[in-house]
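Subject: Structure handover

Hello,

Here is the structure for you to open. My notes on its core and surface patches follow below.

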Amino acid sequence: MCNTAIRFTSTCTLILVVLTISVMSLPVNAEAAKASRKQTIEEVVVTARRTEEGIQDVPIAVTAMTGAMMEDRGVVSTSDLQMSTPSLSFSSTHFGDSNVSIRGIGKLITSGDSGVSTHINEIPIESNLNAIEFYDMERVEVLRGPQGTLFGRNATGGALNFITRLPDFENINGFLDIEAGDYNNVRVKGAINIPITETFAVRLAGLKLDRDGYIDNLAYGQVADAGVGAGIDTISGINKDLDGRDISSYRITANWAISDNAELWVMYTNFHENDDRVRISNQICVTNPLPTTGCTPDGVGFETPHALSSTGGIIFGLSANAIALTDTPTKKYQRIQPGLRKMHTDFQPTYEEDEDIFAFNFSYDFDDYSFGLIGAYQERNFVSQQDYYMDTGALLFDGSINFPVSAPAGNRAGDEWRSGPCNLNAATSGAQTGSNPNGACNRDIDGSVIFMYDQQATHKEYWTVEAKMGSHLNGPLNFVVGVNAYENEHLDDYYVLGNALDAGGSYPGFFLSGDDPKKPAQSDGWAVFGELYYEFSDDLKFTLGLRYNEDHREDFATNVIFNAFDLNGPLGGALGEATLVRNTLANFIFGAPLGEQTDLAALYGVDTSTITAAEATAPASPERIALATSIPFVPQSAETRFLSGSPTEFDFDNVSGRIGFDWRLNNESMIYAFYSRGYKPGGLNGAIPEAFQGNSSFSYDSEEIDAFEIGSKNRLLDGTMILNASLFYYDYQGLQISRVKNNASINDNISAKMWGLELESHWRPSAIPNLQINAAYSYLNTEVDGSKSIDPTNRTANNPDWVLLNNLDVGSTTGVNFIAQDPAAVLAAIPGCLAVGGVVPLPHLSYSSGIPALWSRNCLDGAGITTSDGLESDLDGNHLPNTPEHNISLGMGYTWEISAIAGALTLRWDYYWQADSFGRDFNTKGDEIDSWDQHNASLIYESSNGTWSGRLFIRNVQNEDNVTGHFLSSDTSGFYRNYFLTEPRIFGLSVRYDLGAN
């Protein structure tokens, strides 16, 4: 660790030395310095227990930073909180989301609630923590441990409470802060407080951020060396750098002191982003020589998955008989080796997000009681597009054919189900091909190459309301009790689009998992909660908290891909025009009984007599065609769930709480001990096809945690040092975690145990009162307790009696890995399966034993060979994901009061280090996340009258590519990994003017 800690670059070291020498050479006014300094540390006031208290009086492990502290430490986004908070880690995740983890508990699932709740002014609101930029903040509070008996949103890991500045009635005040830095970074923040009357005031605050991207696109300006346009063409519509920011946000807050006892504030916040932010910035892969896992399970490199490991690759490769035969696809633009911050892509990513929040807080104080009513309404729209394979595509055929690629229906979730030019039910959605003659929703691209991309879109409407009553009686007994309700409606779409899919010949030529606007997904619930306090003496207090939850989940999403074909083709044009019908009804149309499709017909209102009558007619009869065309040719809302038996709704209820004591030893020290039961509701997984129901659950269960904690809070050395400590033990049942299972990411549950130690200190040495030091350390030990699961990168679990294969069967299993028992029997099945097209026995696509990698699983099953989705690996004793065993943060600031510049200079250094961790609970070599550290440095000027200030800063001094998390993709994506990083080295200067400063 020490070697890592001192790796300053020579340039940055020189800058810091010059700044230090320059500052020390200035004359110091000792008397002014002495008068301005405080010998003790100012205590932060928090609302961790829903009332204002000094942080040292709260028997909860909580870290808090005021707005001024955040400015000094360079805390500009949620990611920066980990550098000042013990046991907190932050990482972006694959679908534009994030994982904030406290004591190893966060959001290890792709949907559902986080174990760490987020609140704005105590109101539970889940915003995009990846996008948040802090401005005009009063403070940020980080509460560690299960929460719920005081807050409306339950949480198993902890809570983040973002407190914004409220209007005051005193005077006009505000500030303007302008920052400029490298990557053409310009950040402008400001606020103005306007008292309208003695009891009514308004505060306006805002932020604007523009900067270039941190990622180089190596394909920019590259000249084609193959296909049509070789030596001439370059890729149009892409920028030289990617992952830039164009963000604006503003907040309007009005505060009204209705009477001496009543107060109301209302707030409106708007956030807007439109830029080329990337959800993922790299693709970690070492190409597997066989088309099974696409990438080797533990390889770390920047290659591409095997061309035949994906659904599109299999469909196109085998139909064209090109890639399958050569395995060396020709690239129009030769691949340039990318890196963690370098991409080679012909696709310009897009990212748009709009969020509106309306919030309010009404409070009324009686003589011995107080009443509060808070609530919020949130609406969010989000859309993001990105290259699916993060590379330039191979030539289609010989490159002379320009093949179209589908465009999505729009940039709003649910657009594909609405009336419009790209409508699924009208057969106008997607590329215009032979199977979709009505479609005309294409992208304007160079269609001579394979072009694959995805789109994620979300529309969310959320509201919550909470009422609480608290007492402040003179006796030993007091309480806080509350009730809250919430509802969250959201539409989510996820597309994969590409001309390799469009070449498949069925409608639609893209994959879509999405919600119908007529039946959006919904989560709602209510809870009653509270705490009872009893003071045995002035120094000893007992706390009992309880909470009852009821939560409801609904999901009606459906999947569409390759569902329909044009019946007019097989009938030789007899119908006169294109007539799309379900692929699954082809055999029925041409003479077979309806069979297992009877349930499909019944779902859409076809009665038994109609089915019987149609089955009695000749192949391709009008009756058979009429029945087939009465069924929608693409799955409608909830159809996938109905046919697979997957439920559409679930209910959860729970009683949780906490009990414990806090004992004030003296005016400077307190100890506390608590037992807490935490709870987080479960939810629904996506529809599970029947073929995958053997090892994939329809739903995932609630989380429950038994948490034991002992803590101490202390003021030492005559108030010049704060030293807080906590020791905890967690027994976790039903920890929610995501799994890649059968080509999908689903949520699962495991058991775990964890314990840890946290130390947090602030010190202003009496001998050096100009010096301030803050430090934090946490130790975290996590272990999976007795759980097993299939590792998709090691489905055989190293058992030599099984062999890993890739599935050729058309449908939801295309490209999905499976295993087959008895390699000798598999080898013997080649002739039989080859006769029906159920195997590709090419030498370069086979194991050294001669067993081909590409098989029809149905063919092997029919041959009597045992197949399986995989063998379970033992997880017992493994570490949980994203749980570094150690993390350390250290900050120092030294201030000089200098009369020559009419102000003070502070030289500040902040350091953070975290130990190794893992991206998954399988703890394989490929899951390893290396330890990382970061140095930040700044020189801060503040004028004596507080009017002017400035900050020269450098972040990530070493310019390290610090990896904070991993994401493993699925079977048909080739099992590549995405690495998520902190920002590179950035430097800049900010200048701030404070209006109304004293």
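**Core and patches**

The largest nonpolar core has 32 residues, and Leu160 and Phe162 touch the most other members. Such a core is a set of buried Ala, Val, Leu, Ile, Met, Phe, Trp, Tyr and Cys residues joined through side-chain atoms within 4.5 Å. Two or more residues each come from strand 3 (62-66), helix 4 (67-73), strand 4 (88-92), strand 5 (98-102), strand 8 (137-144) and strand 9 (158-164). Strand 8 gives the largest share, four residues. Helices (H or I, at least four residues) and strands (E, at least two) are DSSP runs, numbered from the N terminus.

This is a predicted model: local features need pLDDT of at least 70, side-chain atom pairs count only at pLDDT 80 or more, and totals for chains, interfaces and linings use all residues. Residues are numbered from 1 along each chain as its sequence is written, and side-chain values use heavy atoms, without hydrogens and water.

Now the surface. Leu477, Leu532, Tyr534, Phe536, Leu544, Leu546, Val655, Ile659 and Phe661 make a nonpolar patch of about 780 Å². (Patch residues have over 30% relative accessible area and no salt bridge; nonpolar side chains are joined within 5 Å, like charges within 9 Å. Areas are Shrake-Rupley, 1.4 Å probe. A salt bridge is a Lys or Arg side-chain nitrogen within 4 Å of an Asp or Glu carboxyl oxygen.) Strand 28 gives the most to this patch, three residues. Ile659 lies in strand 28.

Asp298, Asp916, Glu928 and Asp930 form a negative patch. Charges are placed at CG of Asp or CD of Glu, and Asp and Glu count as negative. Glu928 sits in strand 45 (residues 928-929).

Regards

Terms used:
Buried < 20%, exposed > 50% of the residue type's maximum accessible area, 1.4 Å probe, protein only.
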